[in-house]
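Subject: Structure handover

Hello,

Here is the structure I promised to pass on. Please open it first, then read my notes below.

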Amino acid sequence: MTAAIELMDVRKNFGLAEIIRGVDLRIERAERHAIIGPNGAGKSTLFNLITGKYGLTGGTIKLHGEDVGGLKPFEISRRGLSRSFQITNIFANMTVFENLRCGLLWSMGYKYSFWTLVDRQSRLTERAEELLEQINLGDRRDTIAGVLTYAEQRALEIGITIAGGADVIMLDEPTAGMSHSETAAMVQLIRKVTEGKTLVMVEHDMGVIFDVADRISVLVYGEIIESDTPEVVRASAKVKEAYLGSSLDEADA
Ligand SMILES: Nc1ncnc2c1ncn2[C@@H]1O[C@H](COP(=O)(O)OP(=O)(O)O)[C@@H](O)[C@H]1O
Ligand SMILES: [Mg+2]
């Protein structure tokens, strides 16, 4: 079967610095895949290569079997890949509900342009209500997004990311800056809303992804040193060495 995402000898240089140094990776459909690694390993760079934000220095990236190297982010998004932003990307002066409708409109703009306005309005509203429940912000429906807590803003951002019904969801450190309990809630939310979808999640805390990932790839200095199930990765001597015990100890605690 065709992989959801396939990377072959992917390389990225910034000037003379080789940041991604020959990455091969295959992510199956409906797999939940985590990319972890120490700070500065190149995780966000790899993420930005897959989403088309950065051009490749070398290698091939396929989405559902189709070469997407050189395509622009919106072209990749049209092929069913949706990403979140490490920096919160919502409209602060619109309500939660309006933000979701906006995310929907944006994604439906090209797909459903044949709808009549009224039909489109009611379907939009219906779908936005559904999303609102999915991300557990029902009681914040008419709250201005700018006054939500940080964790609620990140949940809203997840809602906007999944709004268009993309089958590949990419999240870059969705629990960054969250407390322990907020992180646990976010992990639950991610599991729920990505059910049956392909999930690629970048994370630097190993503890976070054990609950979510089917498979984990460990990126160190721009190379994948291990790509396997959480159990195998956790037991890997190579991975332990790369992390010098720090994140693994957190995961064990
Ligand atoms: N746009 C860029 N221009 C130059 N160097 C960059 C750029 N983006 C990232 N880097 C460098 O690439 C390395 C990896 O960064 P990044 O992918 O953000 O790592 P991670 O997300 O794993 O912490 C770092 O040394 C960083 O300084
Ligand atoms: Mg990063």
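Two strands count as paired if DSSP finds at least two bridges between them. One such bridge is in strand 5, where the partner of Lys62 is Asp67. Please keep in mind that this is a predicted model.

Strand 4 covers residues 58–63 and is joined to strand 5 by 2 bridges. Leu63 stands opposite Glu66 in strand 5. The hairpin of strand 4 and strand 5 has 2 residues between the strands. There, His64 takes a positive phi near 50°. Strand 1 and strand 4 also run antiparallel, joined by 5 bridges. Arg11 has Gly58 in strand 4 as its bridge partner.

Helix 1

The buried residues are Lys43, Leu46, Phe47, Asn48, Leu49 and Ile50. Just after helix 1 comes Gly52, with a positive phi of about 90°.

Ligand 1

Next, the ligand. Around ligand 1 stand Phe14, Ile19, Gly37, Asn39, Gly40, Ala41, Gly42, Lys43, Ser44 and Thr45. Helix 1 gives the most to this shell, with 3 residues. By type, the shell has 3 nonpolar residues, 6 polar and 1 charged.

Helices 5 and 6

Last, a helix pair. Helix 5 (residues 150–162) packs with helix 6 (residues 180–193) at an angle of about 10°. Their axes are 11 Å apart. Helix 5 and helix 6 are therefore roughly parallel to each other.

Helix 5 brings Ala151, Arg154, Ala155, Ile158 and Ile162 to the contact. Helix 6 brings Glu182, Met186, Leu189, Ile190 and Val193. What kinds of residue make up the contact of helix 5 with helix 6? There are 8 nonpolar residues, no polar ones and 2 charged.

Best wishes

Technical notes:
Residues are numbered from 1 along each chain as its sequence is written. Chains are lettered from A and ligands numbered from 1 in the order in which they are written. This is a predicted model: local features need pLDDT of at least 70, side-chain atom pairs count only at pLDDT 80 or more; totals for chains, interfaces and linings use all residues. Helices (H or I, at least four residues) and strands (E, at least two) are DSSP runs, numbered from the N terminus. A residue is near a molecule or strand if its C-beta atom, placed from the backbone, lies within 6 Å of it. Ala, Val, Leu, Ile, Met, Phe, Trp, Tyr, Cys and Pro count as nonpolar, Asp, Glu, Lys and Arg as charged, and the others, Gly among them, as polar. Axes are lines fitted to C-alpha atoms, for helices over the stretch in contact, and angles run from 0 to 180 degrees between N-to-C directions. Angles under 35 degrees count as roughly parallel, over 145 as roughly antiparallel, 65 to 115 as roughly perpendicular and the rest as oblique. Two residues are in contact if their C-beta atoms, placed from the backbone, lie within 7 Å. A residue is buried if 20 or more other C-beta atoms lie within 10 Å of its own, exposed if 12 or fewer, and partly exposed in between; C-beta atoms are placed from the backbone.
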